[in-house]
Amino acid sequence: MINASDYDFFVRFLKQKSGLQLSDDKHYLLESRLMPLLRKFDVPDFSKLAAMLRDGSSTIIAAAVVEAMTTNETLFFRDKAPFEDFTRTMLPALSAARPPGHRLRIWCAAASSGQEPYSLAILLLENPGLVGRREVEILGTDLSNDVLDRARAGRYNQFEVQRGMGVQMLMKYFTKVGDSWEVKEQVRKMVQFRKFNLLEPFSGMGTFDIVFCRNVLIYFDPPTKTDILARIARVLAPDGYLVLGAAETVIGVGEAFKPLPQHRCTYVPCAASMERRPSPFGIKV
């Protein structure tokens with residue numbers, strides 16, 4: 001069992017290192033996630049683990065604690081609506097607004113094991129006319145080295161590919177390897193992965209046309225959410241798009257973004273003029 005003092009320390013440690021905000025009733029979650037680390041690193045109990053984190057004696061264990069507490073649940077084409085918006089609204093509008101040859105940049109800011117960026121890559125291959133001859137760069141980032149290694153490998157078990165992936169797309173874009181399915185090279189080469197902490201400065205990231213930051217802000221406290229959204233706005237094109245998870249919103253969280261009317265989970269910078277935003281349907285949105 002984790003005593004009250006150590007629990008408070010773990011909460012502060014995770015908040016500082018990852019932005020994760022644990023409430024007072026998450027003792028069981030913390031214990032269940034960290035128990036395997038006690039066995040893996042031969043640490044006798046949670047108090048000893050907390051002491052090791054306090055004195056900074058092992059950066060490897062510190063990183064393992066953060067990764068263990070990072071929620072990595074994901075699936076292909078999760079929630080569907082954002083991916084429909086991606087092909088029906090975002091790409092047509094951006095292509096209409098960009099000169100020929102302009103490179104479109106997409107950032108999946110909580111890519112986990114890669115299903116989201118690979119889903120976007122598959123949609124681009126399925127709909128080549130949406131971007132013409134423009135190059136598209138997809139960047140997937142995450143805090144966890146373990147899930148990024150899985151994402152780069154692009155290999156998933158039967159249960160994982162069945163979650164959101166239709167049979168036709170599975171056969172077209174994956175190769176059966178033993179009991180697993182591996183993303184084909186034509187898809188994998190469209191996505192780059194790198195480790196990145198959303199609490200770190202965004203300098204050097206460049207400008208993006210679309211940012212997917214789904215199902216991660218819910219784990220941060222309001223000031224951290226506001227800060228992250230403000231910094232995303234600074235690396236997003238004025239007519240770009242932000243996509244959040246179904247349980248997330250920008251309403252009441254800073255003033256960097258506003259909802260795109262009639263488009264669930266899709267947001268635009270407040271500074272952008274909606275009258276100048278092109279619509280795939282030839283009308284103002």
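This is a short walk through a predicted model, from its confidence to a helix pair and then a sheet. Residues are numbered from 1 along each chain as its sequence is written, and side-chain values use heavy atoms, without hydrogens and water. Local features need pLDDT of at least 70, side-chain atom pairs count only at pLDDT 80 or more, and totals for chains, interfaces and linings use all residues.

Let's start with confidence. The protein chain has a mean pLDDT (the predictor's confidence in each residue, from 0 to 100) of 88, and 94% of its residues reach 70 or more. Over residues 272-285 the pLDDT is below 50, although this stretch has 25 contacts (heavy atoms within 4.5 Å) beyond near neighbours in sequence. Where pLDDT is low, the predicted coordinates should not be read in detail.

F13, L14, K17 and S18 of α1 meet A62, V65, V66 and M69 of α4.

Next comes the open sheet, seven strands ordered β6-β2-β1-β7-β8-β10-β9 with mixed pairing; strands pair if DSSP finds at least two bridges between them. Its edges are β6 (191-195) and β9 (257-259), and the twist averages 25° from one strand to the next. Inside, β7 (residues 208-212) and β8 (residues 236-243) run parallel, joined by four bridges, with F208 opposite L236. Finally, helix α7 (residues 145-153) lies across β2 (136-142) and β6, at about 165° to β6.

Note on methods
Helices (H or I, at least four residues) and strands (E, at least two) are DSSP runs, numbered from the N terminus. Axes are lines fitted to C-alpha atoms, for helices over the stretch in contact, and angles run from 0 to 180 degrees between N-to-C directions.
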